Amino acid sequence: MRGMNGVGESLRESAVFNFAGAVTMVIDDSPFALELTAQAVLGFGIKVRHACASAAEAIAILRDHPVDLILVDCEMPGMSGYEFVRWLRRSGLEPNAFAPVIMTAAHVRRSKVSEARDCGANFLITKPFSAGVLLERIVWVARDARPFLEVGDYFGPDRRFRSEPWEGLERRSEEIRKAEFEAQRKASIEL
């Protein structure tokens, strides 16, 4: 639902956030995009403490300095944004491995959305983005309470957004095994 000023409901509720002290990192190989993103977040009181032109530069900083928010471009030479997020989530650097990550991409195809989700990013937005959309996503990740999961080669925020029970056929192996065990236990009690 949109408010009278055209800004989404989530922005109106965000008045309690004070981002002035947030340690923010922006990673983009394009100097223009890096500056544009830094100026956009500065407009809502977020000062970019670390502006990096490559993932390698960002990694060097993250080894020694904690951050609260990372905005990273998907497509960069050398290490891509996707590879960077995978590295970050598996790095073991606390608290940085758990920092919210918003990825940016000039062209978003379904495969990029899936790859951003599967590498452990919190959100993906399309360039060029408006300051309002960027702020809504920052507020969203600040409020995001999904737990981090490690499943196979994935480590990152729970990819499920819905908390209501699934109505379809269960496909998760641990849940199937649990249901089978409970059925066997119930059958043995009834004998």
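**Sheet**

I began with strand E1 (residues 24–27), which runs parallel to E2 and is joined to it by 4 bridges. Strands (E, at least two residues) and helices (H or I, at least four) are DSSP runs, numbered from the N terminus. Two strands pair if DSSP finds at least two bridges between them.

Before going on I noted the ground rules. This is a predicted model, where local features need pLDDT of at least 70 and side-chain atom pairs count only at pLDDT 80 or more, while totals for chains, interfaces and linings use all residues. Residues are numbered from 1 along each chain as its sequence is written, and side-chain values use heavy atoms, with hydrogens and water left out.

Next I traced the whole sheet. It is open, has 5 strands in the order E2-E1-E3-E4-E5, and its pairing is parallel. Strand E2 (48–52) and strand E5 (123–126) are the edge strands, each pairing on one side only. On average, neighbouring strands of this sheet are turned by 20 degrees against each other, direction ignored. The axes here are lines fitted to C-alpha atoms, and angles run from 0 to 180 degrees between N-to-C directions.

**Aromatic pairs**

I found 3 aromatic pairs in the structure. Rings of Phe, Tyr and Trp (its six-membered ring) pair if their centres lie within 6.5 Å; planes under 30 degrees apart count as stacked, over 60 as edge-to-face and the rest as tilted.

I checked Phe98 and Phe148, an edge-to-face pair at 5.0 Å centre to centre with 70 degrees between the planes. Phe98 lies in the loop between helix H4 (81–90) and strand E4 (101–105), and Phe148 in strand E6 (residues 148–151), so the pair ties together parts 50 residues apart in sequence. Buried means under 20% relative accessible area, exposed over 50%, partly exposed in between (1.4 Å probe, protein chains only).

I then looked at Phe123 and Trp140, also edge-to-face, at 5.1 Å centre to centre and 70 degrees between the planes. Phe123 lies in strand E5 and Trp140 in helix H6 (residues 131–143), so this pair ties together parts 17 residues apart in sequence. Phe123 is partly exposed at 22%, as is Trp140 at 27%.

**Confidence**

The protein chain averages 83, and 87% of the residues score at least 70.

Methods:
pLDDT is the predictor's confidence in each residue, from 0 to 100.
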